[in-house]
Structure formats: structure tokens, C-alpha cells
Amino acid sequence: MVMKIGVIADDFTGATDIASFLVLNGLKTVQLCGVTPDLPAPDAEAVVISHKSRSCPVAEAVAETQASLKWLLAHDCKQIYFKYCSTFDSSKQGNIGPVADALMETLGEKFTIFSPALPVNGRTVYKGYLFVGDVLLEESGMRNHPITPMTDSSLVRLVEMQSKGKCGVVTEEVISQGAKAVQEKIKELQAAGYSYAILDAICEKDLIVQGEALKDMRLVTGGSGLAIGLARAVCEADSDATKAQQLGYPQGKKAVVFSGSCSVMTNKQVEFYKQQAATKLVDVDKLMACTDLKAFVAEYAAFCEEHVNDAAAPLVYATANPEDLARIQKQYGVDKSSHAVEKFFAELALQLKDKGYQRFIIAGGETSSIVTKALNVAGFYIGPAIAPGVPWVRSVNNDISLTLKSGNFGKEDFFLKAQRDFPV
């Protein structure tokens, strides 16, 4: 089977996000938790490679993505897709710009595009400015993100701050004229010395036009929305998305919910779920002081066992409001406190796996990454979507099923919906 699209994703939840859209729009898709040179290519039209490179040092992010690029090229992948968050999570230094530049250099490409829009989740781009719902990015909850606070809504400025070249815009006015108009505008920008273009998108129709216009571009970059258009542009007429999704349908009876994200929406989801199920907050102060992590975590595993037969799965959460989060980070440091919480969830996942848990519902990119690695998951079959961009997935090498939710994705009832809509 020809590998039509190879996605290099900068975090785990973002990887499942885009994999979900690829499957829903007709491409047989497998997600891998990293690659090695000797790893054979799966039987899939699209492969998504997960990384944890969104906020690591720039050199590390570049090295990781270059290794994945080398593997994709070795397996004759037709198009490379660098995937980042639809809110363009990054700093003035990167990592989006430097990674895109490195990919361009390796591929010998002089031009690429940036298309972070995902209208179905309220992320739109107009005149090169990124909106979250009906407000500019800088006015949204992303302004207070604990790791990558976003204080500028101009994608042109953000790209040029991080990258080596000049950035233009393909506006909504051009995109509304169709794929050929987009291609002509890109040629015009290239001729004028631009290295990149921001693509506007205010509705899904714009993404379909983008997909048709960009289906032959060697390298594209974007959020998960562009995958809708690209998948539709390159899939076969007899593609069966429903059959492909069945491979990822969740298995097992024992379920648990983990929440490590502190996003605005995840805070709302946790508060909603508290009214529906047994919940237990991770005591970060005790965690930071504990000398026996296994024993500390065992208390939380016992809590889960007490409530495993409840109507709704137990929730263990480290989600905090902005005030509490600021206090924790000030007292213990951002990196130290974050790593402690990640290690907590990794150990809890292992203890619960030993007790027969097979369904893990997880909120937060960092939490998703560490739990996936702790459970020794090599890759996923992509299953049915719980919410736009958030599917159930099933491990290719063991009986673990997960849903890996980006912080701000899903509605308030997401945790309950993941269970209610996909019963045992």
C-alpha cells in the first residue's frame, strides 16, 4: 500500500487528533509512538508519528523530527505533513519555525505553508490572524498557557519571529475562488521572495479547497484541519472509513479517567464530571514531599478499585485553576512540578494495568505522552471519534485502549461521553 501522507506530530494528543481526521475522511491510518530505522512500514495510506517536541529545546525537536523524516522518506512517503496545535502553541524561539525550516532544508524545498485552522473546534484564520471562537488568540485562554503563553494573534509575526524567511498570506478572498486561485497566489508569493504563506480558513469548505490545492506539495505544515482536505483529495473512491475505524474500537471493561491538563476547557470538564463520578485530586504538595512514589500512588490505585464498578469511571486529576497552578509553579518550579505529576500518572497507569484496566481516558498532551510510554504502547489503530479530533485508539501491540485529549478539545461532558457512546 502506498504511503500517501506521513505526519510528524509535535505531541501525542495532536497526533491522535490528526489521525482521527485522516481516518474519518477516507485514509487507512496508523499512529506510531516514534520510529526506529529498522521499523517496517505498517499497511496504511497515512502514518502519523507521535513526538513530545512541542516545548523541548529547539535542537532536540529538530533532531527528533529529522529522524522521523528520514524513516518516512525511506518508505517512499509521498507527502510530509508537520503537525502542530491549532492554537500554534510555541514561543518566539520555536519550535514550529525551526522544525519547519529544518524539514524544508532536508527536502530541498524553498516554500511551504502554515494552516493551523480547525473551524469545527472554533480555530479560524482570517487575514493571517488566528481566532479561538469569536476572540483573537491573544484574548483567549491561551494567553495564560503555563508553558507556551500566546500573546500575539498574527501568524505572520509568529512565523517570522521563529523562522529564517519572509511570510505572506493567502486570504479568504483568494481561497473562496478555488484551488487554482490558491496555487496561483502561492506561485506569486514564491516569485516575490517569500518562503512561507499563512492560509486563511473560516469554514470546512476552505479546508477542502486547501487540500485540493496542496495535494501535490511535498511539505505542508498545519493543525489537524488541513488533513480533512488533503485526505479527501488523495483518497480512493472506494475508501471505507467505517471499516478502518473498527480496528480502533475500545476494548475491555475496567476504565479510568486521568486529567493532567490545566486548560480552560479541561477545568470545565473536570468540574462537570465531579457531579457524575467519584473523583480524587492529586495532592501536589504531598507528591513533591513524598519519598516513596509507588506507595503514594498505591493510595490512588486503591481509590480507583473502590469505584471501578460505579456507573461512571473514577477520575484522578491534577487539573488546577490558574491561581492554584501559579502557586504550585512558583513554589516548586514549572519543570520540577510538571515532571513530578507526569511520573505520578505514569506509575498510576502501570499499577492499574496490573489490576486489569484496559481503558484509559486521558486529558492533556504531556499526560497522554507519559502514560502511553509507560504502558509500552508502540502505536495505535485509530478508532471512532468521541469529539472532533479526539478518537478512541487501540494499541497495536497489547490490549490497551486510550483516548488522548488535547486540553481545550471536547465539550464539558467529554469524559462521560467517551464511556456512554462506546459501551463494552
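Biologist: What covers the buried residues of α10?

Modeller: The cover includes β12, β13, β14, β15 (359-363), β18 (401-405) and α16 (414-420). These names follow DSSP runs, numbered from the N terminus: a helix is H or I over at least four residues, and a strand is E over at least two. Bear in mind that this is a predicted model, in which local features need pLDDT of at least 70, side-chain atom pairs count only at pLDDT 80 or more, and totals for chains, interfaces and linings use all residues. Residues are numbered from 1 along each chain as its sequence is written, and side-chain values use heavy atoms, with hydrogens and water left out.

Biologist: Which residues of helix α10 are the buried ones?

Modeller: In α10, residues 264-274, they are Met265, Thr266, Asn267, Gln269, Val270 and Tyr273. Buried means under 20% relative accessible area, exposed means over 50%, and partly exposed lies in between, using a 1.4 Å probe and protein chains only. An α-helix has 3.6 residues a turn, so residues three or four places apart point the same way.

Biologist: Let's turn to α12. How do you know that the span of helix α12 agrees with its 14 residues?

Modeller: The expected span is 1.5 Å times one less than the number of residues. For α12 (residues 293-306) that gives 20 Å, and its end C-alpha atoms are 20 Å apart, so the two agree. Phe296, Val297, Tyr300, Ala301, Phe303 and Cys304 are buried in α12, and their cover includes β12 (255-259), β13 (279-281), α11 (284-289), β14 (315-317) and α14 (334-354).

Biologist: Why is arginine 359 called buried?

Modeller: Its relative accessibility is 5%, which falls under the cut-off, so arginine 359 counts as buried. Arginine 359 sits in strand β15. Beyond its neighbours up to four places away in sequence, arginine 359 touches Pro250, Gln251, Gly252, Lys254, Ala255, Val256, Trp392, Ser401, Phe422, Pro423 and Val424; a contact means heavy atoms within 4.5 Å. Glutamate 184, by comparison, is 175 residues apart from arginine 359 along the chain, with 48 Å between the C-alpha atoms.

Biologist: What makes threonine 124 and threonine 372 buried or exposed?

Modeller: Threonine 124 has 16% relative accessibility and therefore counts as buried. With a relative accessible area of 0%, threonine 372 is buried too. Threonine 124 belongs to strand β6 (residues 123-126), and its contacts outside four places in sequence are Ala117, Pro119, Tyr129, Leu130, Phe131, Ala201 and Ile202. From alanine 346, threonine 372 is 26 residues apart in sequence and 8.3 Å apart in space, C-alpha to C-alpha.

Biologist: Backbone next. What is phi at phenylalanine 88?

Modeller: Phi is near 55° there, a positive value in a residue other than glycine. Phenylalanine 88 is in the loop between β4 and α3, and its 0% relative accessibility makes it buried. Asparagine 376 also is not a glycine and has a positive phi, about 60°. Asparagine 376 is in the loop between α15 (365-374) and β16 (379-387), and at 54% relative accessibility it counts as exposed.

Biologist: Which residues does the cis peptide bond join?

Modeller: Glycine 94 and asparagine 95, with omega about 15°. Asparagine 95 is found in the loop between β4 (79-83) and α3 (96-107).

Biologist: How do you know how compact the protein is?

Modeller: The protein has 16 helices and 18 strands. Its radius of gyration is 21 Å, close to the 22 Å of the globule rule for 424 residues, so it is as compact as a globular protein of that length. The radius is taken over C-alpha atoms, and the rule is 2.2 Å times the number of residues to the power 0.38. Buried residues make up 58% of the 424. Among contacts between residues at least 6 apart in sequence, 74% join residues at least 24 apart.
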